[in-house]
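This briefing covers the confidence, architecture, nonpolar cores and selected local features of one protein model. Please consult the sequence and the structure shown here alongside the points that follow.

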Amino acid sequence: MTLVVVVGGLAGFHLAGTAGARDALDSINFGDRESEQAHRFISENSEIPEEIPIAVDGPYVQSVTATDGTAPQATLTENGEWAVHNNGEWIEYALSELTEIDRVEIAWGRGQTFFFEIHASSDGERWERVYEGASWRRGSGHFETCEFDPVQVRHVRIVARGRDSGRSRTGRFFIAQVRIGNLPYPEAYQPALAYRPGLNQPSRRLLPVADSWEGGWMRFVMKCEPDQKNYLTVKLWGSDNVMSPLYLRDKDGRWVAAPAISMHRTGDNAAWTPLWEFAGGVAGGPLGVANGPFPGRFIYATYPIPREMTQGRSEVTLQIQAVGSEFERPMFKPSQGIYAAYTHTEPFSHFADDEPQGEPFEWGPNRPAPQDLSVEEKLMNDALDLIADLVERRGLSAEDYRGLESLAQAYHAEWSDHYRDEEIVRIVRDTIDASIRNEARSGQGPSWTDSWHLHGKLAIAFVQVSGAFEEMGFLDQRFEGERGLGYAYVSRRHVYAKFFQDALEWRRSESEGTRRRVANQVESVDRAIYRMNRALQILSPELAMPEEAALRYLYETIGMEPFYSAWPRHEWVRAVADAGYPYYVVSYKGNAREVGLGTSYGEGAPSRNARLAAEIGDEKFTERVRQLAEARATMTRRPANDGAGYAVLRAPVVYGWRGRSVAYPGLIRYTGSPFIQAAVLQDPISLRIAELYLEQGRVFAEATPRINQIIPRIEAYRTVKQLLPTNHRLPMEPGHEDFAWADEDLAVFAAKHGEAMISGSFFLDKAGIVPYGRIHYTTPQIERIATVKVDTKFNAAEHTYTIPDQLPGGRENVLGGRQRPAAAPPLDLIEAAGSPPGSVNAVSEAGGDQWIGSDERSSMADFYQVRFGEYLVAMNTTVEGTYREQTFVVDVDSDKSRALNLASGETIDLTGQVELGPRSTLVLYLGKSQ
């Protein structure tokens, strides 16, 4: 254990001559002894990174890079792992000199079968494939030796070619450790692990502690304002590809927030997010990303200092704590470099002109496509391989529902060798039969499986080949059941109808777990309901719902209709919904809801529903899906480069409700199925995404989609080819005009102004009304992620949410005892719905388990306002014609008489009152005219 103490005092310490924020109250440069001494610095288990001398007699690994995924250097350590999402991505080891090797040893992660290639190069430009194979499914820690003819190399690449998930070569790809030729371990691998400070600036890293979840920490004293809101901004290097979570503690070691046990929500943190908990390159993987979240430039993380730590004081003691990447899991690797910290009173701090920031971001070149393979050939090869594999395996398990759907699609594909193949119909029959027997054996009815998809996938496979079922006489055959299961003398038509009817009625019921609640789950369940009804329309029409009633379920899945079942269950909550505050699983602007903005799970909504739109042929539904496509592209698509410098789109989200599933810098992501979505919707945004997907060479690098998308994307690609090119640009793409866009249902916004991109959310949790939001602000040179104080207005209930004294793990909470109000519907609505009379606390007596603290509507303010640098954002979340309808006056504290409203593109007068009506947002630019 290393304890570092640098004694000094704040008296006489001046900012003059110190690079930093011009308007900072104070600043400290970590790794600078003079600056640390002035701030009474003390740390435990930290280091100032210094150049590590090369102590290897012979060749060694100079560097490790990767096109995407988590930190590639992790494969040089015993507790590491490189995880990547897409086929065609690679990890590269650069050696110090030309070296002869005849083998590469690989320890794989997760016990899967991984397909891969090894490429070698003497100059990094001309490559030779020296090995092709598959892992042996032995799991992490077991090295497999890949031998080949000796070759002279300076660069070695391992190229991901997918995973055998039992369905197709798709899914995440994991490498735990790698050894190159005869290079001795660990000596020849240590140089590549050496930390290289950004722009040669001093920094500190916090080190792991053996078998401990809590790693190193550093404590220091900084100036603050005793009667104002104070902020802390921490400076990080955007090329660091390991990003440890960082938390703030006070002088007594109490925590401002602590990691959520579930890792799915911030509520366990008492609604205060961590100081830093980003850079999850692959969802579920360690906190890291191949080439860093903002390569070549600095990132500034801004965080509110609790008033309990500053009130009545002119200086504050702050402690930054590094922890493991999961709740109470050991910290294995040193943290990212922490370069500086600043205290200030405004959420946006202006940096000095001499503060080094790095070279501005530019979109890189497009990834080159293979010369010997066209796009259509690639798609066709994937489809033919899939079909051949599924037919060869034939005996699909009862749970292999996506494979069954693919076979039913192949039955109608004229280019397939299995077009109108009766063997496919038999496979569909046998798989459905097996599922019915499994359900009967379980004795649990339709709840025998926890899958939201199974019955719906079986139903759509049947619907697709139902004509062949009739022609081949399968429906009128006696169902071959088992003794005691009740099927001995009944036709397959009757058994299938009962199977789908029972499942449909169970899913429509109020039973726990049937309809689910958040967007992706509701979409899956309601799609299954619709498909089962289609099967009943064929098998036994008298048992089926009218088409209009079945479509209602699909309309609910994308927010065209309110969602009532299975939530809420109390009549007064339904009365509130009917009075003007209904619950929608997708917001009115088209964002998937997971309490707040749907992040990783919300990604699938546009493509998944585009495929459904093609299936049902309902134009109202299709038009609504176009809104979903626009919402997702606006909130979560940003230009970026991959680890090789090629242009890509990423989906960064720094705000949301699901804790670490909030993705920053985000996966390389276009949309779930670019060709299918563009072919079905034919809207400008979807077509532009498909165009970039083609231009940027991602067809040959992206993960093969789920197998039920592989076959229809061939015809979709042919359609899209005829619709391109397009002159449209994505909202955040270079060349798009300035704009501001908001979704008041979820309290999120996004804007582009010149080269600046700004987006954010005012809704971070449902633990009462949280007066904080998070903003993501990017220019070509500077990246800011800021948690900021927000002004709110709302109709308060008497009920309040009290922040607990203890955080997960028994950690003492700086904020313990703070109370937050909850919003409540008018008292007369509650009483009119039959709730007990009296105060608004009747809410609690009449189902408060669903409203106060459980229903996000109780944590949504009517009005939000924040000033961030040159931008003022004000949002009215109320709805016209409902009990919530209100108009608010925006407090524009500016010496300007006029300002540009990015939301409307108009210049507005600031000399009088600026009013904001229901369900509208104002984004004012209050800086210098551009």
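Helices (H or I, at least four residues) and strands (E, at least two) are DSSP runs, numbered from the N terminus. On that basis the protein has 19 helices and 39 strands. The model is predicted: local features need pLDDT of at least 70, side-chain atom pairs count only at pLDDT 80 or more, and totals for chains, interfaces and linings use all residues. Residues are numbered from 1 along each chain as its sequence is written, and side-chain values use heavy atoms, with hydrogens and water left out.

**Confidence**
- The average pLDDT (the predictor's confidence in each residue, from 0 to 100) is 87, and 88% of the residues score at least 70.
- Residues 262–270 have a pLDDT below 50, and this stretch has 37 contacts (heavy atoms within 4.5 Å) in the model beyond near neighbours in sequence.
- Residues 835–849 stay under 50 in pLDDT, with 32 contacts beyond four places in sequence.
- Where pLDDT is low, the predicted coordinates should not be read in detail.

**Overall packing**
- Of the 930 residues, 60% are buried; the term means under 20% relative accessible area, with exposed over 50% and partly exposed in between (1.4 Å probe, protein chains only).
- Among contacts between residues at least 6 apart in sequence, 73% join residues at least 24 apart.

**Nonpolar cores**
- A nonpolar core is a set of buried Ala, Val, Leu, Ile, Met, Phe, Trp, Tyr and Cys residues joined through side-chain atoms within 4.5 Å.
- The largest such core has 104 residues, and those with the most contacts inside it are Phe462, Phe469, Tyr496, Phe500 and Phe621.
- Helix H9 (residues 519–539) gives the most to this core, contributing 10 residues.
- Leaving aside neighbours within four places in sequence, Phe469 touches residues including Val425, Phe462, Leu475, Arg492 and Tyr496.
- A second, separate core of 63 residues includes Tyr303, Ala322, Leu597 and Ile785.

**Helix H10**
- Within helix H10 (residues 547–557), the buried residues include Ala550, Leu551, Tyr553 and Leu554, as well as Glu556 and Thr557.
- Their cover includes helix H8 (492–508), H9, helix H12 (605–616) and helix H13 (619–636).

**Glu277**
- Glu277 lies in the loop between strand E15 (246–249) and strand E16 (298–305).
- Glu277 counts as buried because its relative accessibility is 12%.
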